Amino acid sequence: MEQLGREYARLCAAAGAAPQEAVLRRLRGPGGGRLDLAAQSLSLPTCSALGRLLPGAAPLAALALGDCGLSEEGVRLLLNGLCTNTTVKSLDLKGNNLRTTGAEALGKLLRQNKSIRSLTLEWNSLGMWEEGFSFFCQGLRANNFLQRLDLRNNQINHQGAGELAMALTQNTSLQELDLRWNNIGLLGGRALLNCLHSNKTLKRLELAGNNVPGDILKAVEQALDHNQDRETILSEAQNQVNILSKEVLSLKDEKNKQFMDFVDTVDKQKEERARSEKMSAARVSQLQEALDEQYSIMNSLKTKLQMTEAALTLSEQKVHTLGELLSAMKQEQNSVAESHFRELQQQKQEGADRESKLLHDLSAASEKNLLLRNQVDELERKCKVQQDQLFQVKQDLTNTTAELKLRAVEAEGEWGSRNSLGTPVIGIIVPSQAAEEKGLPECEKVDRVAQQMEASERSMHDRIQRLEAIRISLDEELSQAKAAALAERGRAEEELIKVRSQARLEEQQRLEHLEEKLRLMTESRDEAQNCCLKQKEMVAEAQAKAKQLSLYADGLKRRLEELQQHVDRKEEEKVTELNKVKVELQEQIGHLEAERTAQDGLREKIAALERQLKALSSNHREALLDKEGEISLLLEKLRMKEAEISRMREEEAQRASFLQNAIMAYVQGSPLGTHSSRK
């Protein structure tokens, strides 16, 4: 309930309206599954919020909304919310002045809701609005769950009672209907009385304060009593039928149990017999399988023996072919060895020739190298000689230059001494010119010597340069010769090494190839010999196994004969057991037939009881029909009496009117009447 209060407050807040405190208190209070909002003035937002809370499985069993002053829209919202509710059992809408919209909403509620059992609509105005009340009656006609309906003080007239009677003809759940203090009248009472002929579920109908004649009320009470009696008779008959059906079912269960026990015993015996047959068949099948297995083993051994003999012949043929191949291989090996030996000798000869050629080339290269070395030595000697000559020339040059310098110094000394011994200037001039004339050949000598020295020096320099160039060229030739000699020698040595290594490799490869061929031939020969030995051993083993298998087959034949005798004995025993079982089964079948006859008698008794039950039910139906006929006669008499009473009332009313008119005429004609009229 606390959750309902919170949801109500939330919905009101969402709608922008303040929740009513009284409603909140009732929602939050401990209601025990009942929400009592009677005499509370519910606003339209509150009705909208409650209409949203009620759908689904709200935790309410009873809802009281009496004297709440609900508006038409509020009633519509509340009842729309209750259409899908599955928990509310009782609804009270007393004193809300419901009109057309409310009646239509009630009709929709009765059509859609399947949980409401009690509906109170006291002190409303449903009967004033014919269209709305017709919708309400349509909903009541479609409802098969409502059991109690209170329509007191709803201003229902004879037309509304007629529609209500039409709804009751098709309603099969309503048991109590309260129509007190309405305006049903004679016609409405008759309509309700007529609907009770087809409605057999209504047990209580209150019609007080509706101007309904007493005879109709008595007829309605009789019809309701008749419905109650019919309900009690039907319930008693149903109880008796249930008791008889239980007894019949118990008898059937007992007989079924007995029959099932007997069937179980028969099935067990059949299973035991089948098990024994299966065991004997399994033994026979096992023996047959063992025999078949032995036969298959014999056949397989025979096939193996044949295969071994065929393999032996094949192995002998292979040995023969291998011997021929071995001899052919030996011959081929000898021929190949001879050819390889010849090839090896030829290769050796070719290698020796190639080696001698290479040695010859090497000796020629060494001789050439010696010649080059001699040339180098000779060039070195020439170079040394030229260096010595150059050194000698340089020494001669230095000596000559020194001598020339000494001579020049001496000449200058002599010339200076001569100049120091001369006369005065005038007198000196003559002797100096004479001295120049005398000394002229010496100066020329000196110049000549100097020129010779320069020329010799230049020639010596040229010669030195030529010798240097020759020396350089010789050095270059010497280095080139040395390099060529070294390169030639290296090439010759490399070729010699390559030839020797190639010859050795070829010789080793040929020798290895020949050794491999020889080894393979020896291995194939050994394998052929081993194969021959194995084939011989296999033949011996196969012959021994064939002997053992023949002995084993003889033993199996004897064992098979013994098993056949055992099977024959078992067959005889099985035949005797089958005869015993047949006798026992015949006895049991006799017992079963006796029990079956007993069951047939019981079934006949059950059928007789059922026939009695049907006769009782038919008698009861006939009695009911008689009662209904009597009731219809009584009703006809009642209608006739009512017609007489109405005629008598009309006559009395006419008499009263005549009497009243006479009295009025008498009064008006008397002096008292004139006096009163004058006043």
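Local features are reported at pLDDT of at least 70 and side-chain atom pairs at pLDDT 80 or more, while totals for chains, interfaces and linings use all residues. Residues are numbered from 1 along each chain as its sequence is written, and side-chain values use heavy atoms, with hydrogens and water left out.

The protein chain has an average pLDDT (the predictor's confidence in each residue, from 0 to 100) of 82, and 94% of the residues score at least 70. Over residues 423–440 pLDDT stays under 50, and the model has 5 contacts (heavy atoms within 4.5 Å) beyond four places in sequence for them. Where pLDDT is low, the predicted coordinates should not be read in detail.

Strands β4 (residues 118–120) and β5 (residues 148–150) pair over 3 bridges, with S118 opposite R148.

R148 also forms a salt bridge (a Lys or Arg side-chain nitrogen within 4 Å of an Asp or Glu carboxyl oxygen) with E176, at 3.8 Å from N to O. This pair links β5 to strand β6 (residues 176–178), 28 residues apart. D178 bridges to R180, with the closest N and O atoms 2.8 Å apart. D178 is buried (under 20% relative accessible area) at 6%.

Notes. Two strands pair if DSSP finds at least two bridges between them. Helices (H or I, at least four residues) and strands (E, at least two) are DSSP runs, numbered from the N terminus. Buried means under 20% relative accessible area, exposed over 50%, partly exposed in between (1.4 Å probe, protein chains only).
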